[in-house]
Amino acid sequence: RAKGQSITYTKEMLDEYVRCKEDIIYFAEKYFYITTIDKGKIKIPLFEYQKKIIKAYMEPPDERRHVILMQPRQSGKTTVTNIFLLHYLLFNKDKNVAIIANKEKTALGIMRKLKMSFEMLPLWLQQGIVEGGWNKSSILLENGVFVLASTTSGDSISGDTISLLYMDEFAKVKPHIAEDFITATYPVISSGKTSKIIITSTPKGMNHFYEFWAGAVRGPDKGGNNFFPVKVNWWEHPERDEKWKDEIIRDI
């Protein structure tokens, strides 16, 4: 949908638009699609742990502002976060979103999936795309929302006013790069009264992700940080049991 493109809304469309804005789970289960090799375009049923993550993203409990997610591989971490990102860019105005990952390829992969999900929305649910605003590493919509994908570095988003920062696989970022990024960028973003930071990763030793996680577990009342910790265990996935566990252990 182009910027300024005329859309004729029916009452049913308007009702759906309002319901999607107010209920992200409804939006996800009815309008969010992914593309698979075997089945093409499909909807995905959300598991309970995925709903828990999305709700935490929307409104972190305990009056905290940010979220840190520790989750196993191949359990839908990127998909769930993309649902939140898609909802955020559709139903906000004049916001800057930064998608940061340990590798540029990973960040661009998240952006690609986000754009594919956007394209599969009905036109009346989309925001118009500004001319020249649909690029490999960025999106600019007519509601003033700008999305940028980049690798984690000290100057990747320095100087930008970021409303939502998503840092993926933060445990895999090399320590000196994570240090530079946190020193140069994190204070600027966290100083905003309404800005939100989401950190996700699989665990990988004692590093900056671990420090953020430990601080979130302690909480602000005990000298910790303002992140709400969400942990997903491998057995929370309905299709994984002890047999699956034994097979994975044997294989790797």
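Two strands are taken to pair if DSSP finds at least two bridges between them.

**View 1. Pairing of strands β1 and β2 in the predicted model.** The close-up shows β1 and β2, which run antiparallel to one another and are paired over 4 bridges. Within this pairing, Thr-35 lies opposite Lys-41 of β2.

**View 2. The largest pocket of the predicted model.** Two or more lining residues are contributed by each of β1 (33-36), β2 (40-43), α3 (48-58), α4 (77-90) and α5 (104-119). Helix α5 provides the largest share of the lining, with 8 residues. By class, the lining of the largest pocket consists of 13 nonpolar, 15 polar and 12 charged residues.

**View 3. The second largest pocket of the predicted model.** About 360 Å³ of space is found in this pocket. Among its 17 lining residues, Pro-72, Arg-73, Trp-234, Arg-240 and Trp-244 lie nearest the centre. Helix α9 (residues 242-251) supplies 4 residues, the largest share of this lining. The lining of the second largest pocket divides into 9 nonpolar, 4 polar and 4 charged residues.

Notes
Residues are numbered from 1 along each chain as its sequence is written. This is a predicted model: local features need pLDDT of at least 70, side-chain atom pairs count only at pLDDT 80 or more; totals for chains, interfaces and linings use all residues. Side-chain values use heavy atoms; hydrogens and water are left out. On a 1 Å grid over the protein atoms alone, a cavity is a set of points where a 1.4 Å probe fits but cannot get out, and a pocket is an open set with protein on both sides within 12 Å along at least five of seven lines; lining residues have an atom within 4 Å of a point. Grid points are joined across faces, edges and corners, and a volume is the space filled by probe spheres set on the points. Ala, Val, Leu, Ile, Met, Phe, Trp, Tyr, Cys and Pro count as nonpolar, Asp, Glu, Lys and Arg as charged, and the others, Gly among them, as polar.
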